[in-house]
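Hi,

Here is the structure I said I'd pass on. Have a look at it first, and then read my notes below.

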Amino acid sequence: MSILEARERRGLRMKALASSSLTWITIKANAISSIRLHPLMSSMVVIAYDELLSTIPLSKQEATLDAEGLVIYVATTLSGKEAKKRCVSLEENHPIGRLVDLDVFEGGSSISRSELGIAPRLCFLCEQMAAQCVRSKTHDISVIEAYSLNEARDYLLKTQGRSAMFGMVAELTRLRTYGCVGVMHSGVHVDMDFFTYLASMRVLWHQFDLINHQMTGNFTQLRAFGQRIEAHMFEATYGKNTHKGAIFLFLFAISADMAKKSIQKRIEHIRWLASEVKKDFDQTPLTYGLFASKSYSIVSIRHLVLDGLSWVYQTLVPMIGVSEDELMANIISCIDDTTTLKRSDLATLRFLQSWAKELLSRREYDSMKELDDYYMKHRLSSGGCADIYALAYYIALREGKV
Amino acid sequence: MIVSKPAVAGTLESNDCYVTVLPNHSSGIQLVIRSIVMQKYGHLIEKTIREVLEEYQIEHVSLTLEDKGALDFTIKARVKTALERSV
């Protein structure tokens, strides 16, 4: 579907929505089309959504992912003009305000800045009126592209929580989800959707920012903190497990990031911290992941952590930026995903892995669509792989590879 | 080509435009353009619209275009789609 078709389809949807008495706000990336689907830009949309929710009363929400990138729709009981005022304030005053576009619709038509007597948006490169720069093609596309990506990257790198959020957004906005929750559908999950994940992420990213140096060298403290984050997650999702695996992984990676500079030292730091995890294997009662690792002799995410996440640092991260499909084929073929196992059996897991491996060896990444369909059709989920995907993106961002 | 029924294309989002076409039986071409960059680029937008109308050999139409900062190719595509929907 082309960008114009996507936009028109969304316009029709907005019209239908606007027939209600609510005011609708669309949040999308203010970026040129070539980078609208970039996870850096999707993260900007999520940040604007997070900010907006703290200033407006929310009634309803929807989201789409297409040629226009991630778009979140928020309905509010505020009047159109009041909503527009708050949106303009965000666009003008927030550090990433220039990277997002907040359009306000009331009764089917959009409310313009001029109706409120507010000046039109300025170009972020030359401070001329943005619409004029667009029209006269004043700036080279590569310069505009680089500006948007750099600004987004800088903002996300400022704190570890934001960087982790970026990883989770990259995962959540994948075009194929292999049974997991995505933007356009909930995969095989009936009890949660995109917004359950957003709610969870909003809590997580602010919590990850609270990790301090004392925790990074002390597994007991780190674990206690992890349990606290988990409790917050369950509270935000009304008891749904959205990111338990991700929390576990991110705690190690963030700690290593804070404690050590080189990749090798980080890997060693995680190995040292994780040596305590070994004790988990003897504890009862077992979580499903532990049960599976014990009963089937599989390589679970716990084993990856025991090995300092070296496979993620050394093999996966360098692959980022190649293709989403290739990265997923690698993860699926190498990780014994206990989430998949829980919904099937070892034979099915091995079948999926050899399928992914075959596509990798033949470099037939287009066929990943069939693998994705298989997960959906057989009600399988790849939640463990998704967590690794998110982690790889987090590390790649921190390493300057995104 | 003859515009025989009302049709629309596009949206009112930033960098897009919303085109409405109506039959205008033997009354020639009537254009209404509203744009956030009207002063500077209004004449170029009109030129783009007229080029499409010429391409489709349309002699009678009432066309309204509400521009939100669309580029020429977007304007062209939206006008074409509206016209194709009006047959």
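A:Ala16 sits in helix α1 of chain A, the helix that covers residues 3-18. Keep in mind that this is a predicted model. Is A:Ala16 buried or exposed? It counts as exposed, because its C-beta has 10 other C-beta atoms within 10 Å, and the cut-off for exposed is 12 or fewer. Along the chain, A:Ala16 and A:Gly107 are 91 residues apart, yet 9.6 Å separates their C-alpha atoms.

Now for the inside. The largest nonpolar core has 114 residues, and the members that touch the most others are A:Ile27, A:Phe250, A:Val312, A:Ala392 and A:Tyr393. Helix α19 of chain A (residues 383-398) supplies the largest share of this core, with twelve residues. Both domain 1 (3-142) and domain 2 (159-398) of chain A put at least three residues into this core. Leaving out residues up to four places away in sequence, A:Ala392 touches A:Val312, A:Leu316, A:Val317 and A:Ile320. There is also a second, separate core of 22 residues, with B:Val3, B:Tyr41, B:Ile45 and B:Leu53 among them.

On to where the chains meet: 16 residues of chain B are in contact with 13 residues of chain A. On the chain B side, the elements giving two or more residues are β1 (7-10), α1 (38-55) and α2 (72-85). Sorted by class, that side of chain B has seven nonpolar, six polar and three charged residues.

Cheers

Key
Residues are numbered from 1 along each chain as its sequence is written. Chains are lettered from A and ligands numbered from 1 in the order in which they are written. This is a predicted model: local features need pLDDT of at least 70, side-chain atom pairs count only at pLDDT 80 or more; totals for chains, interfaces and linings use all residues. A nonpolar core is a set of buried Ala, Val, Leu, Ile, Met, Phe, Trp, Tyr and Cys residues joined through C-beta atoms within 7 Å. A residue is buried if 20 or more other C-beta atoms lie within 10 Å of its own, exposed if 12 or fewer, and partly exposed in between; C-beta atoms are placed from the backbone. Helices (H or I, at least four residues) and strands (E, at least two) are DSSP runs, numbered from the N terminus. Domain bounds come from an automatic or database domain assignment. Two residues are in contact if their C-beta atoms, placed from the backbone, lie within 7 Å. Ala, Val, Leu, Ile, Met, Phe, Trp, Tyr, Cys and Pro count as nonpolar, Asp, Glu, Lys and Arg as charged, and the others, Gly among them, as polar.
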